[in-house]
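Thanks for coming. I will take a few minutes to walk through one model, so please have the viewer open.

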Amino acid sequence: MQPEQVEIQRFLADYSPFDELPDDALMTLAKQVEVAYYVAGSDILSYGEPVNDLFVVRSGAVETFRRNGELYNRLDAGGIFGQMGLMMRGRVRFPTKALEDCLLYCIPADLFNDYCDQYEGFSNYFEVDNAALLRQSITDQTNKNDLTTDKVKSLLMRDVVTISKEAPVSEAALLMTQESVSALLITDPDKPIESDPEDDDGQAIGIITDRDFITRVVAESLDLKTPIGQVMSTDMVVLDENAYVYEAMLAMLRFNIHHLPVLKKKKPIGIIELSDIVRYESQSSLFLVREIFAQQNVDGLAEYAKFVPDAFVRMVNEDANSHMIGSAMAVVGRSFKQRLLELAEESLGPPPVPYCFLALGSMARDEQMLVTDQDNAIILDDSYDAALHGEYFTALTQFVCDGLNTCGYTYCNGDIMATNPKWQLTLSQWKHVFSQWIENPDPEALLHCSIFFDLEGVWGKEQWATELRRHVAVQAKDNRKFLAALARNALLRTPPLGFFKAFVMEKDGRHNNSINLKRRGTAPLTDVIRVHALAIGSRARNSFERLDDIIAANLLPEGSAQDLSDALEYLSIVRVKHQAKDVLQKVAPDNNIEPDNLSRFERRNLKEAFQVVSAAQNFLKFRYTANASIKGTKH
């Protein structure tokens, strides 16, 4: 093999899909590659002409175009083009031009077709487009969604503790005390692990529990020198490490036992106790909500707030989708608010006038994640008189917002909180303010719209929140000036893709070389979806439900709304998994992911999701102008 062929092989091995080829196939390919050079500005492929090679950019850069001349893609080192022509009657589908002086590797069409036939991963790369891969990833995630998918091995908190069957019961009791365990596995020295590591279950021959000590040793006044093998239970019920938690629960109920040894390849690795099952259940968001309403003071609530991250991680591990996780976390957050308001009224007495406490932003959309601050406000009855009632509501809102901060829902940096007199308004005043924002959409008004238009009543006259949403929907629908301004505002946060669709990293020091998935991904997407939802007068609060309304209204080109849904789901899932990983590693969860820590498949899907965001923002630019009508799209 020539040195230049070795260099070609090494280069290709760093890029998909060549990295999936066996070494001998890659070596064969490298030997057949021809190298071409193009100067900047020259045409490489013209539409409709025969194409005989697959091209890989070795250095420099190229641009590919759609048939109508619109720029389709920019490619630099490792980029591939020509495949569509090879797969569609051997004619060029995307004209290509050298953006810079470039070296190209040319792979013969016959070899390309042969490898597509031989290697599934190689052919999948070309035959399945990025949007389809992203959708398949979302489908796989949905199909895995089963709230009974946690394995028993996830409950094990420590290594198994064992003792020989010849040891006296006094030694066994001392060992249990020293190790703080309620059960021991008994081993047989005469049955050591043989040469077959897959068949060593004979080593653990029984189990002794604290209950056995009471009934078989203390109650029987047994000599403490009695070998533990004589009092152990030999009819052990065991589970494989890959059994599900619900199987452990069923086994404990069926056999009326409190301890279950767990095996890995038939070798004991731990014991699950009934208390582990109780702890597992305590991480359920339903359990959390029940306990939140049982607390009698802020300290008690703060204590239960410590379980919120565990409940979040459990849902992530159970492959719940982002809608389910966001809804559950929003319900938990609303429960804290509601219990704090109950406690405040118990302390301050009944409110002097009716009111409605509002949740804003992600909590109102049922899209709350683990990293969140508190955004809230209050609607007061039109009979409200500051001189007569102000002191009460100042104390009530201060109690609630301080309590939320104590429970981990930190104060809002922008002071979007019910404690701010600016956000303590009567229902009539709120309607007037919302109308002003819609009629005069200056930058400050647009900033407020993106927060306050996602609102929900959590306590008191909750129907007032519904009335405000109706007011906004009626006022905003078909208001071209407002929608155009809101659309421009939705373009301020762009996805992190550069000139060649490479990731653009944060460079702020603390999160250097990372991407803030909320600021650069989910937030721009929810902004885009909100504009479309307002344009059709949707009253839905959740982004996915808004997309359902948008699809029904036939507002976007066919398939676009589904692409938005897939992109939002994928970005949200990457975000929640990142936060769950932070919790498990006992570091403060955040929204900053490092692409280098993702697999190539994940990075590819992430880029596709960001491109959907970018395309959606581009669509907004011409869809909502001050002079455009807002009607459904014909297709």
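Some ground rules. This is a predicted model, in which local features need pLDDT of at least 70 and side-chain atom pairs count only at pLDDT 80 or more, while totals for chains, interfaces and linings use all residues. Residues are numbered from 1 along each chain as its sequence is written, and side-chain values use heavy atoms, with hydrogens and water left out.

Let us start with the cores. By nonpolar core I mean a set of buried Ala, Val, Leu, Ile, Met, Phe, Trp, Tyr and Cys residues joined through side-chain atoms within 4.5 Å. Buried means under 20% relative accessible area, exposed means over 50%, and partly exposed is in between, with a 1.4 Å probe and protein chains only. The largest nonpolar core has 67 residues, and those touching the most other members are Trp430, Phe434, Trp437, Phe452, Phe453, Phe482 and Leu606. Helix α23, residues 600-623, gives the largest share of this core, eight residues. Helices here are DSSP runs of H or I with at least four residues, strands are runs of E with at least two, and both are numbered from the N terminus.

Take phenylalanine 452 as an example. Leaving aside residues up to four places away in sequence, its contacts include Leu360, Ala377, Trp423 and Trp437, where contact means heavy atoms within 4.5 Å. There is also a second, separate core of 48 residues, with Met329, Leu341, Met369 and Ala418 among them.

Now helix α14, residues 322-348. Its 27 residues should span 39 Å at 1.5 Å a residue, and the end C-alpha atoms are 38 Å apart, which agrees. The expected span is 1.5 Å times one less than the number of residues. Is α14 mostly enclosed or open? Of its 27 residues, 19 are buried, so the helix is largely enclosed by the rest of the structure. After α14 comes glycine 349, whose phi is positive, near 95°.

Last, the salt bridges. The term means a side-chain nitrogen of Lys or Arg within 4 Å of a carboxyl oxygen of Asp or Glu. The whole structure has 22 of them. One joins glutamate 467 and lysine 431, at 2.6 Å from N to O. That pair links helix α18 (residues 463-476) to helix α16 (residues 427-439), with the partners 36 residues apart. Glutamate 467 is partly exposed, at 27% relative accessibility.

Aspartate 454 is a contrasting case: it is buried, at 2%. Its salt bridge with arginine 530 has its closest N and O atoms 2.7 Å apart. Aspartate 454 is in the loop between α17 (443-452) and β18 (455-460), and arginine 530 is in helix α20 (residues 517-535), 76 residues apart. Arginine 530 is buried too, at 5%. Aspartate 454 also meets arginine 546 in a salt bridge, again 2.7 Å from N to O. Arginine 546 is in helix α21, residues 543-552, and is buried at 5%. Which residues do salt bridges with shared partners join into one network? They are Arg365, Glu367, Asp454, Arg493, Asp527, Arg530 and Arg546.
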